[in-house]
Amino acid sequence: MQLKTEDRGDVRLVLVAEPRIDAAIAIQFKEALRTAAGESAPRVLLDLSEVRFLDSSGLGALVAAMKLIGTGRRLELAALQASVERVFRLTRMDTVFTIHASIAEALGASPRLTDAG
Amino acid sequence: MAARRGASSGHRPGADGRNVGPVAGAIRLTLPAEPKAVRRALVRICTELLGAGISEDDAATAELVLAEVLNNVVEHAFQGNADGRIELTIAPEEAGLACELRDNGRPMPGGALPAGHGPACSTAVSALPEGGFGWFLIHSLARDLAYARIDGANILALRIPLSARAQAS
């Protein structure tokens with residue numbers, strides 16, 4: 001399971017360096033993501049740009065991970081390939097997860113504590 | 001690519017053998033009922049379909065539908081028993097990819113196809129389902145679903161529509 005993490009301010013960025021999130025790795029993925037998310041960053045942003053296939057098991061693992069990450073913290077997704085985006089759209093999970101077109105857009109939308117505007 | 005007349009048989013001259021047939025013929029394979037074998041089969045099928053001129057969107061649809069039905073057999077018909085075997089045939093026809101799965105695992109509960117639950121409508125994270133979207137996706141994307149239990153085998157037939165194919169008729 002290849003997950004690469006990086007902290008950008010209050011955002012824990014997790015790159016999923018796997019081409020597939022499927023039934024073969026769903027359980028490992030859930031556990032690895034829970035670990036990669038850490039315990040403190042209020043936002044966990046999942047970079048899915050390298051994932052070209054997601055099945056219902058993979059989707060279930062993402063939902064489970066979102067629950068495990070806990071209340072008061074957010075799991076957000078970014079840079080979905082078309083085939084992956086479609087699974088979210090068909091299951092209406094796109095209304096449950098916050099989905100950003102790109103990492104840059106997601107980080108630009110980071111809420112600021114300075115509350116300047 | 002040869003024109004196809006929508007014959008119900010997926011057989012083509014030269015498409016013999018138990019494994020993957022030539023590009024324009026039916027794809028046939030037998031795989032162990034195990035998630036990694038399903039993954040390998042899907043990658044291979046996708047490559048074959050793209051090689052046969054199926055569009056990327058349609059190949060992605062086929063990959064997703066077949067993933068869901070194959071994983072269902074692995075998880076429920078064989079319940080993790082990797083000695084199980086699944087036979088899969090995918091025949092390109094004018095009306096789409098005619099797919100048939102055959103396995104000798106446990107029968108479908110109630111002898112009928114599950115409906116799958118609908119899309120998520122709750123926004124309470126803790127109330128979200130973590131599974132059960134498989135059949136919903138299958139019903140959303142596939143056509144002409146049919147299930148039968150014959151001589152101790154499960155037979156599931158379905159068709160994956162081809163949307164973006166300008167095929168000679």
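In chain B, helix α2(B) passes α3(B) in a left-handed crossing. The model is predicted. Two packed helices are described by the angle between their axes and the distance between the axes.

**Helices α2(B) and α3(B)**

- The axes of α2(B) and α3(B), the latter spanning residues 133-141, come within 9 Å. They cross at roughly 140°.
- That angle makes α2(B) oblique to α3(B). The cut-off for roughly antiparallel is over 145 degrees.
- On the α2(B) side, the contact uses T61(B), L64(B), V65(B), E68(B), V69(B), N71(B) and N72(B).
- On the α3(B) side, the partners are G134(B), L137(B), I138(B) and L141(B).
- By class, this contact of α2(B) with α3(B) has six nonpolar, four polar and one charged residues.

**Helices α1(B) and α2(B)**

- Helix α1 of chain B covers residues 35-51, and helix α2 of chain B covers residues 56-77.
- Their axes come within 10 Å and cross at roughly 155°.
- α1(B) and α2(B) are therefore roughly antiparallel to each other.
- α1(B) passes α2(B) in a right-handed crossing.
- From α1(B), the contact residues are P35(B), V38(B), L42(B), I45(B), C46(B), L49(B) and L50(B).
- From α2(B), they are E56(B), A59(B), A62(B), E63(B), L66(B), A67(B), L70(B), N71(B) and V74(B).
- The residues of this contact of α1(B) with α2(B) divide into 13 nonpolar, one polar and two charged.

**Positive phi at A79(A)**

- A79(A) is not a glycine, yet its phi is positive, at about 60°.
- A79(A) sits in the loop between β6 (74-78) and α3 (82-90) of chain A.
- A79(A) counts as buried because it has 23 C-beta neighbours inside 10 Å. The threshold for buried is 20 or more.

**Positive phi at D144(B)**

- D144(B), a residue other than glycine, has a positive phi near 55°.
- D144(B) lies in strand β4 of chain B, which covers residues 143-150.
- D144(B) has 13 other C-beta atoms within 10 Å, so this residue is partly exposed. A residue counts as exposed at 12 or fewer.

Technical notes: Residues numbered from 1 in each chain as written. Chains lettered and ligands numbered in written order. Predicted model: local features only at pLDDT ≥ 70, side-chain atom pairs only at ≥ 80, totals over all residues. Axes fitted to C-alpha atoms, helices over the stretch in contact; angles between N-to-C directions. Helix = DSSP H or I, 4+ residues; strand = E, 2+ residues; numbered from the N terminus. Parallel < 35°, antiparallel > 145°, perpendicular 65-115°, else oblique. Left-handed = near helix turned anticlockwise from the far one by under 90°. Contact = placed C-beta atoms within 7 Å. Nonpolar A, V, L, I, M, F, W, Y, C, P; charged D, E, K, R; others polar.
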